[in-house]
Amino acid sequence: MTSGRCLKYRRPSISSWPGGTSDDVPHLSERAKAELLDSTPEYQRQARSKGIPVLGSGLVFPVDEASIKVPAFKIPAFWPQITGIDFGYDHPFGAGHCAWDRDADIWYVVNVYRERLQTPVVHAAAVKAWGWWLPVAWPHDGLQHDKGSGEELAKQYKAQGLHMLRSRATFEDGGNGLEAGVTEMLDRMKTGRFKVFDHLSLFFEEFRLYHRKDGKIVKVADDIISAARYALMMKRKAIVKPMGREAKTTPFEPLDRMMGS
């Protein structure tokens, strides 16, 4: 005999999924999982459905990483390209090689590199492997002097054969704000205009953990993301790969004339 009280059905909470992933709850139908995910704030969805942690106040890029992943493909010859770098020694040096489909205005991250406790010789060799002709965008700390040699960091990398742009990375209006750069990246991600080759695991490691604390972006483990941001800021300096006779000339002089860098 029942007590007479009506026992209400309690809808399962997405936060109660074991291990933080919906795949561990076999009694929920795919429709039920989708409904629960739809009712969850966007910045929490990766944590709830895939066990990816939400840190601090939330992810800087609250988008499903699957939406920005694309299989690698050969870059069309007419697409402008550029590399961005983020200097580092104790914390990693990061680099991102990017290509721009101008017709569709889609930005692609096609190669990445990250390494710590290495010298400009090592980093430059890795970046040059993507193409001697690629212009390289760099941040304001490239104007700082190396404590050992006393030479500006940007000049050290130019001496190693990288085609460093003449000025540090800025937007067309001269600004270089972190929030402005991150906002452009996020806007592009949400509108399908920022894509990353799906095998670039180092980029996605940073993407998953890039977060805010007390509303401010935590500048830790963001070396590749920062490099890609500098490249995007300087997309106006991206160039098409030199072909034919032009490709056989001395590398830096013709590129300097073309880019005014």
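Select helix α7, residues 223-233: with four residues it gives the most to the lining of the second largest pocket. Helices here are DSSP runs of H or I, at least four residues, and strands are runs of E, at least two, numbered from the N terminus. The model is predicted, so local features need pLDDT of at least 70 and side-chain atom pairs pLDDT 80 or more, while totals for chains, interfaces and linings use all residues. Residues are numbered from 1 along each chain as its sequence is written, and side-chain values use heavy atoms, without hydrogens and water.

Now show the pocket. Its volume is about 250 Å³. A pocket is an open set of points on a 1 Å grid where a 1.4 Å probe fits, with protein on both sides within 12 Å along at least five of seven lines; lining residues have an atom within 4 Å of a point. Of the 17 lining residues, pick Asp-86, His-140, Lys-219, Arg-229 and Tyr-230, the closest to the centre. Colour the lining by type: eight nonpolar, three polar and six charged.

Next, strand β5, residues 106-115.

β4 and β5 pair antiparallel over nine bridges; pairing takes at least two DSSP bridges. Find Ala-95 opposite Tyr-113 of β5. Four residues separate the two strands of this hairpin, and Asp-105 in the turn has a positive phi of about 55°.

Finish on strand β8, residues 194-197. β8 runs parallel to β5, joined by three bridges. Zoom in on Trp-107 and its bridge partner Phe-194 in β8.

Terms used
Points joined across faces, edges and corners; volume = space filled by probe spheres on them. Nonpolar A, V, L, I, M, F, W, Y, C, P; charged D, E, K, R; others polar.
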